[in-house]
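Subject: The structure we talked about

Hi,

Here is the structure I promised to pass on. Please open it alongside this note, and have the sequence to hand as you read.

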Amino acid sequence: MIKALVFCLAIMGLTVTGFAATPTSSDATNTKMNQRDANGQTLTPEDQVKGSGADVELTRKIREEIVRNDKLSTEARNVKIITIGGVVTLRGPVASASEKSQIEGIAKKTVGVKRVDNLIEIKVK
């Protein structure tokens, strides 16, 4: 039984202690940022799951506008958007200050947003 459990965990990319295996390319997967976020003191998209339908709808509208903007990099289109009580938190790496500003602008102009906490980081090349 234990051998079967260990085998299943190995197939899923987990160790016996339950931590995910570290990807080989941490730049591409934002591994360091994800590890930082795992400490429970930083808002993550999982925190929004506890929120209201209105918050989910705000996040959807913001994501839709960001994805529509074909001038943004792939990284910028994938920033984390967490909405709780109408307060939007933006997190993740982008290529430039311009992208950071554009994403914040999209969030701020979305009807129903009370405040935007822009924690987006400009990726150092």
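First, some ground rules. This is a predicted model, in which local features need pLDDT of at least 70 and side-chain atom pairs count only at pLDDT 80 or more, while totals for chains, interfaces and linings use all residues. Residues are numbered from 1 along each chain as its sequence is written, and side-chain values use heavy atoms, with hydrogens and water left out.

**Confidence**

pLDDT is the predictor's confidence in each residue, from 0 to 100. The protein chain has a mean of 76, with 59% of its residues at 70 or more. Where pLDDT is low, the predicted coordinates should not be read in detail.

**Overall layout**

There are seven helices and three strands in the protein chain, in the order α-α-α-α-α-α-β-β-α-β. These are DSSP runs numbered from the N terminus: helices are H or I with at least four residues, strands E with at least two. Of the 125 residues, 30% count as buried. Here buried means under 20% relative accessible area, exposed over 50%, and partly exposed in between, using a 1.4 Å probe and protein chains only.

**The core**

The largest nonpolar core has 16 residues, and Ile62, Ile66, Val79, Ile81, Val88, Leu90 and Ile103 have the most contacts inside it. Two or more residues each come from α5 (53-68), β2 (87-94), α7 and β3 (115-122). By nonpolar core I mean a set of buried Ala, Val, Leu, Ile, Met, Phe, Trp, Tyr and Cys residues joined through side-chain atoms within 4.5 Å.

With 16 residues, α5 reaches 22 Å from its first C-alpha to its last, close to the 22 Å expected at 1.5 Å a residue (that is, 1.5 Å times one less than the number of residues). Its buried residues are Asp55, Leu58, Thr59, Ile62 and Ile66. They line one face of α5, because they fall within an arc of 95° seen down the axis; the arc is that of the directions from the helix axis to the C-beta atoms. Gly53, Ala54 and Arg68 are exposed on the other side of α5. Arg60, also found in α5, counts as partly exposed because its relative accessibility is 39%.

In α7, the buried residues are Glu99, Ile103, Ile106 and Ala107. They sit on the same side of α7, because they cover an arc of only 95° around the axis. Their cover includes α5, α6 (74-77), β2 and β3, whereas Lys108 and Lys109 are exposed on the other side of α7.

Asn69 lies in the loop between α5 and α6 and counts as buried because its relative accessibility is 19%. Leaving out residues up to four places away in sequence, Asn69 touches Arg77 and Gln102.

Happy to go through any of this with you.

Best wishes

How values were computed: Contact means heavy atoms within 4.5 Å.
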